[in-house]
Amino acid sequence: MKTPIYLDYHATTPMDPRVLEAMLPYFGPVFGNSASRNHSFGWEAEEAVEKGREQIAKLIGANKKEIVFTSGATESNNLALKGVAEMYAEKGNHIITAATEHKAILDTCKRLEKQGCKVTYLPVQPDGLIDLDALREAITDKTILVSIMYANNEIGVIQPIREIGAICKERGVLFHTDATQAVGKIPVDVIADKIDLLSLSGHKMYGPKGVGALYVRRKGPRVQLTAQIDGGGHERGMRSGTLNVPGIVGLGKACELAQQEMEADAKRLSGLRDRLKDRILAELDEVYINGTMEHRLPHNLNISFAYVEGESLLMGINEIAVSSGSACTSATLEPSYILKALGAGDDLAHSSIRFGLGRFTTEEEVDYAAEKVIQVVKKLRELSPLYELVKEGVDLSTIQWAAH
Amino acid sequence: MAYSDKVLDHYNNPRNVGSLDKKDPNVGTGMVGAPECGDVMKLQVKVNPETGIIEEAKFKTFGCGSAIASSSLATEWLKGKSVDEALAIKNTDIVNELALPPVKIHCSVLAEDAIKAAILDYKEKSTANSTAAPVSA
């Protein structure tokens, strides 16, 4: 077994070697611009792009004409929200989203608020899921869009997408979902889920970085967007710019592989994930799982180790690549807003570790990670004044802490 | 983020981890920080009442590696110092010794606060004892 061990598959995934192989010709001899209509170089590139479009569409139950290529999920989210807000401004200016969305959604909403939109940020329940009644109540006659992520990037919880889609359809409101963490990992079907717009990314599903797509429904309803990047009118005028042919080939291949292997991958990974969880829970007390286990990505585990600070834990398990909700590991020096939204308390947010397993994770790696985490948490608890106080029977909430 | 060798050394081999008896009149205890801020330091000193020299220092810290290293280093420095010398330890001394980056300066500030809190606690206890002493004598 080689170290470091990569268990941060929610951040990015390594490219599948089969994806790389499919892409290689498009970095070399097949270099044409897919918009060149009058020679074979362009035709070849166009053929590759259209194949990619087909592969992506197939994975999510869409028509290939409904796929708009972008540079990644952040751009897809920006295009969906800003494009709808601008296009449907006469209909209304209200958008509904959730407190636990990715920053690509939240920061886009903040900008739209500055431009006159009203945004409702639905809270989540302690299990991480939104309350469907709260969504129903939030919809007004000014609401033009609901944007709720498919699966969360930190805690892996899967929102009740099909129910949300049905509510939106019934109320005549467009429904966008940021499905970056879900596509290729769990079945996603834009027809059954009544999704109007869906963002996805290549590098979260064993494809390349720098390429993603936005699904834009063409009928029932025909969704229109105001382009956010102007130029040659590529992608049905919704996103100008010469297409990233090698990236699209890679994303397409990644989708094809996901379609073939998703079921087996998910089964294997949920087994490994549960093995990791069970080992940790058997050896350590005061360990809390963040988010529901019932509606969760098969390869995600997010745990808070009470009385141990996340960054010091990462330091101790430095041959395991994971991420923490601790403020010390973030650029903003704020603990994870997602864990805070669950009502877990800042102290548990500081103590959290996110494990993301993936296609290349082995049982040996999981066992090693479990053992190492257990060992380091035990060591750090020996060092923790909080753990000592709790063991003495002190209720930490009764102590007057001097916040700094 | 890369850690300095000294931070790593203190993290891997923390010095003087543990607790002294809070009720001992010669022990001063300082606990600073807050769990929701991500760091809490408990620092304790045991002072020889005859000489005023710190004979023992112990710590326990909930916090990042730099917070652990700052408090571990503080206990090393405290031992053998007089109470007044201990109060002269500045957070910048800790920053320099451990080569802490700017985002970790608050860890050194917390360690300085913990030293001051522990010494203050000891002084309050000893003043209380000395004023109480004649009464009981």
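**Fold, domains and local geometry of chain A**

With 21 C-beta neighbours inside 10 Å, A:Ala258 counts as buried, because a residue is termed buried if 20 or more other C-beta atoms lie within 10 Å of its own, exposed if 12 or fewer, and partly exposed in between, with C-beta atoms placed from the backbone. The model is predicted: local features need pLDDT of at least 70, side-chain atom pairs count only at pLDDT 80 or more, and totals for chains, interfaces and linings use all residues. Residues are numbered from 1 along each chain as its sequence is written, and chains are lettered from A and ligands numbered from 1 in the order in which they are written.

A:Ala258 is part of helix H7 (residues 245-283) of chain A; helices (H or I, at least four residues) and strands (E, at least two) are DSSP runs, numbered from the N terminus. When residues up to four places away in sequence are not counted, A:Ala258 touches A:Leu59, A:Gly184 and A:Met205. Two residues are taken to be in contact if their C-beta atoms, placed from the backbone, lie within 7 Å. A:Gly345 is 87 residues from A:Ala258 in sequence, and the C-alpha atoms of the two are 37 Å apart in space.

The secondary structure of chain A consists of 12 helices and 13 strands. The radius of gyration of chain A is 22 Å, which agrees with the value near 22 Å for a compact globule of 404 residues. This radius is taken over C-alpha atoms, and the globule rule is 2.2 Å times the number of residues to the power 0.38. The C-alpha trace of chain A spans about 80 × 55 × 35 Å along its principal axes. Of the 404 residues in chain A, 54% are buried. Among contacts in chain A between residues at least 6 apart in sequence, 72% join residues at least 24 apart.

Chain A is divided into domain 1 (5-9 + 262-398) and domain 2 (17-257), with bounds that come from an automatic or database domain assignment. The C-alpha centres of domain 1 and domain 2 of chain A lie 30 Å apart. In the contact between them, 19 residues of domain 1 of chain A meet 20 residues of domain 2 of chain A. On the domain 1 side of this contact, H7, strand E10 (300-305) and helix H9 (337-341) of chain A each supply at least two residues. By class, the side of domain 1 of chain A that touches domain 2 of chain A has six nonpolar, 10 polar and three charged residues. Here Ala, Val, Leu, Ile, Met, Phe, Trp, Tyr, Cys and Pro count as nonpolar, Asp, Glu, Lys and Arg as charged, and the others, Gly among them, as polar.

Strand E7 (residues 197-201) of chain A is mostly covered, as five of its five residues are buried. In a regular strand the side chains alternate between the two faces of the sheet. From E7(A), A:Leu197, A:Ser199 and A:Ser201 point one way and A:Leu198 and A:Leu200 the other way, and all are buried. Two strands pair if DSSP finds at least two bridges between them. E7(A) pairs with strand E6 (residues 174-178) of chain A in the parallel sense over three bridges, and A:Asp178 stands opposite A:Ser199 in E7(A). With strand E8 (residues 212-216) of chain A, E7(A) pairs in the antiparallel sense over five bridges. The bridge partner of A:Leu198 in E8(A) is A:Tyr215.

The loop between E7 and E8 of chain A holds A:Tyr206. A:Tyr206 has a positive phi of about 70° although it is not a glycine, and it is buried, with 29 other C-beta atoms within 10 Å. A:Arg236, in the loop between E8 and H7 of chain A, also is not a glycine and has a positive phi of about 55°. With 15 C-beta neighbours inside 10 Å, A:Arg236 counts as partly exposed. A:Pro221 is found in the loop between E8 and H7 of chain A, and a cis peptide bond with omega of about 0° joins it to A:Gly220. A cis peptide bond also joins A:Thr3 and A:Pro4, with omega of about -5°; A:Pro4 lies in the segment before strand E1 (5-6) of chain A.

The contact between the chains takes 24 residues from chain A and 23 residues from chain B. On the chain B side, E1(B) gives the most, with four residues.
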